[in-house]
Structure formats: C-alpha cells, structure tokens
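This report looks at strand pairing, a surface patch and charged pairs in one protein model. Please read it alongside the sequence and the structure shown here.

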Amino acid sequence: TNERFKYLIANGQTGLNVAFDLPTQTGLDSDDPLAFGEVGRVGMAVDSLRDFEIAFDGIDLDKITVSLTINGAAPQLIAMFLALGEKRGYDAKQLRGTAQNDILKEFIGRGTWIYPVEPSVRLVGDTIEYCARHAPKYSPVSVCGYHIRESGANPVQEMAYAFCIAKAYADEALARGLDIDEFAGRLSFNFNVFGSIFEQVCKFRAGRGLWAKIVKEHYGAKKPESGWLRMIAGGGGGGLTYEQPEVNIVRGAYYALIAALGGAQTMALCCFDEAYTIPTEYAQRISLRTMQLLIEEMGLSDTVDPLGGSWYVETLTNQMRARMEETMAEVDAQGGIVKLVAEGAIQAKVSAQAYRMQRAIESGDFRKVGVNCYRNEQADDLEVQMHPYDEEDARRQIASLAEARSARDGARVADALARVRGAAESGTNVMPAMVEAVKAYATVGEITQQLAGVYGRYREPVRF
C-alpha cells in the first residue's frame, strides 16, 4: 500500500528490491512497521488471545459456529479459538467453526503466504491432525477454488485445482496415520459464482459427483458424509463492475440464484460496491435481503437439485466433470499440485488465463454490460463512496497490544515460544505448543517469527 511505501522511503529503504521483498501483511503484529496502513482496514486485527477475549465477550461459544478467514497465520488463530474455549470451560470436542487455512490457494491466487510451500502444507496437516483428535466438530480447512477463479482461472480449473489441493491436504493427513473418515467430513470448500447460469450450476453438480468419487474410490472412505461436498458459494468481486455499479445488485441476485440451484449449503453473496471498496453496511444489507427474498418469496430452498433431469443440464454436467478429471490428471502426471505450486507452474497457468480474459473484455469478444457494451453516455447517478480508513482504530489496537504485552508473564511467553520453535525443528505437530503459547498471550507475530526461523520465508519463483 502507499502508506507502507511511504514508511520505507522515510526510513531510507528506497531500493528497488524493497518493492519485491515486502512480506505479506499476514503474520505481523499491529505495531510492526510493515503493518502500517493496514491495521483495521480489512477485517479485525488480531494480535493475541486478548483480542479474541474482547471479540467474543458475552457470546456462548457452544451456541455458534465461528468462521475465521485466515490463511498464513491460521494455526495461531485456530489455537486462539480453542484456547479461548478451554479458558471459558467449554469442551473442545463440542466447539464448531471453520478456518479457511487453505495455503496452497494463497500461492496461486491471493498472496498471504509466509513460509515456503512444503512447510506451509505441513502446518495445514498439523491443524487437521490436531482438530481430528481434539476438536472433531471444527473444520480446520476450507479449500478455496473461489480465489483461484477470482485470479483468472476458468470454472473447470477452479474446481479441478481445488480438488487437487484437497487431495494434497488429505495425503498429508493420511501420512500421519489418520483414517480418511476421521477428517474428510470436516473438509469444506469455498467456490465462486459468476458467468453463465447453466455453466455455473453444472460446475457444482459435476463437482459434487467427482468429489464423492475421489473420497470413496481413491481414498476408500466408508462413511457417506465423508464424500459430501460441503461448500459455501457466492458471487465474487471479479464478476462485478466499477461502471454502473447499481447493476451489480442484479448480478448478485443471479449469483445467489445460481448458488441455490447448484446446491450450495451456505451462500456468501458479494455486495454491489465490492468492485471499488470495502462493502458498506448499506450494500451488505441489500445482499442479505436478496438471499432472504429468494428463500422467503421465491422458494429457492424448497427443493434440492431442481434442474436435475434436464437433458441439457445433465449433458453439460457430464462434460464439465470429464474436463475436471482431465485437468486433475494433468496435474498428477506433472508431479502433483504441491510441486507445481512450488515451481510457480499453476500460478503461470492462472495468470495466462487471466490475461486472455482481460484481452477478450478489451476487444469486446467477451461482452460485459456497462464495460464494453451498453455503456452510459453520461456519468452514473449513483455516488461512489469509498470506505474510509480510520487511523484512530490502528492507534487503539497498537495501544491494546502494548497493554497485553506489559500484563503477561515474560518468562512464560519465552518458554512457550521456545517450545513452538522446538516442535517445528523436530518435525512434530506444532499445534499443542502453539495452544500453550497463545494461552501465555504470545502474539501472532512472535509465533510467526519462531516458525519462520525454522522454515524460512517464501520467495515467489520468477517464470518467463
């Protein structure tokens, strides 16, 4: 961000290498100089268990399910949630929730990585193993084809790469001695919606059948629920337009319709202003009312798979499933998703697809309403309002972090952090040590430093 570069320039760090070597904004404490300008801007800043205590004050953890949209620092946040539950006297085996925690898709399509690919996958395996044995109702991973699609992948690649990633995590868990039925039922998926109604519906129909086949035939699962495609689906910002943004309300309604027809268990509908800012409360309310309208007035939740049996839908479903299987076979033949991500090969494919799509929009070969066709002659009447950044929020968070550090037992923190590092060095599961570390109020950034000291930090490969 501009604020981060201003800080670096003010402190004499003006070399060209700075722009390429900046770490991502995950795994940093709020008072880290590299977090300047980011704290409180997107989501809630979390530094220590103290922040979870504040956020969940007065909330019964056994009556809700908590979703954590975090990836590079997901182990710390999962540890905090479970530690908070233990501190309040809850049985961890009864706590429910989901952490996104899909690090492979971060390398492909989003960018909040910290460590190299292989140890990052091991950390995901640590969370799967720990939750399977200590918090079996908690979903430690939500595999995200969503972000891969937003980065330029086509619908087939979105699903195929997501399933390759899910297999990589499953293989990591199985290598630790877990049985597929111990954890497969807690894997969840996050998929994108934009494009042709029939293509998108058939994408999900094909995906459900393919995932069930993988879990049953490839892994030998016995429980039917292990093969369920538990997914959240919703329109992505990539389908929205800055031009004529009110038309995005209509787009969003169709995205919600597609998700329902495609069998999504959960919906996350994008807001009309996401093309240019963090969604406002007004825009979020419209998206919520859209979903409620489809349920209450349009009857979208009255039946499952209402398009099943259509000749066209069934044919397209079968065609898309075959293409997904072909794409997955190509990945496996080239060494697997982990290897290809580490080499940057998958990233290159997705980037090339994004480039082709952008060229198609600019040439008019792909028609986008309001962008390259049906444009307004005059400026839109709707006033575009950007979400403001409140520096006072950052100051309050930094002050709270300082207070938490001053109140904790420094010796206990140091010992806990040493245990985290020791677990990483020995190759044992880091989660038990991490849970103890967050109980001592070790911060996200401090734990990240210990792990990075063992694993190193990821440097994106350059491909031409």
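## Strand pairing around strand 6

Two strands are taken to pair if DSSP finds at least two bridges between them. The model is predicted, and in it strand 5 (residues 188-193) and strand 6 run parallel and are joined by five bridges. Within this pairing, Asn190 has Ile232 of strand 6 as its bridge partner.

Strand 6 itself, which spans residues 231-235, is mostly covered, with four of its five residues buried.

Helix 11 contains Ile249, which together with Val250 and Tyr254 makes a nonpolar surface patch of about 260 Å². Ile249 counts as partly exposed because its relative accessibility is 31%, and a residue of such a patch needs over 30% relative accessible area.

## Salt bridges, buried and exposed

Side chains of opposite charge can pair when their charged atoms come close. The structure holds 29 salt bridges, one of which links Glu158 to Arg149, with the closest N and O atoms 3.8 Å apart.

Glu392 and Arg395 are three residues apart in helix 16 (residues 391-407), about one turn of the helix, and their closest N and O atoms are 3.0 Å apart. Glu392 is partly exposed, with a relative accessible area of 31%, and Arg395 is partly exposed at 48% relative accessibility. In helix 17 (residues 410-426), Asp415 and Arg419 are separated by about one helical turn because they are four residues apart, and the salt bridge between them has its closest N and O atoms 3.0 Å apart. Asp415 counts as partly exposed at 40% relative accessibility, whereas Arg419, with a relative accessible area of 54%, is exposed. Elsewhere, salt bridges that share partners join Asp29, Asp31, Arg405, Arg408 and Glu446 into one network.

Note on methods
Residues numbered from 1 in each chain as written. Predicted model: local features only at pLDDT ≥ 70, side-chain atom pairs only at ≥ 80, totals over all residues. Heavy atoms only, no water. Buried < 20%, exposed > 50% of the residue type's maximum accessible area, 1.4 Å probe, protein only. Helix = DSSP H or I, 4+ residues; strand = E, 2+ residues; numbered from the N terminus. Patch = residues over 30% accessible without salt bridge, like charges linked within 9 Å, V, L, I, M, F, W, Y side chains within 5 Å. Areas by Shrake-Rupley, 256 points an atom, 1.4 Å probe, with all protein chains shown as cover. Salt bridge = Lys/Arg side-chain N within 4 Å of Asp/Glu carboxyl O.
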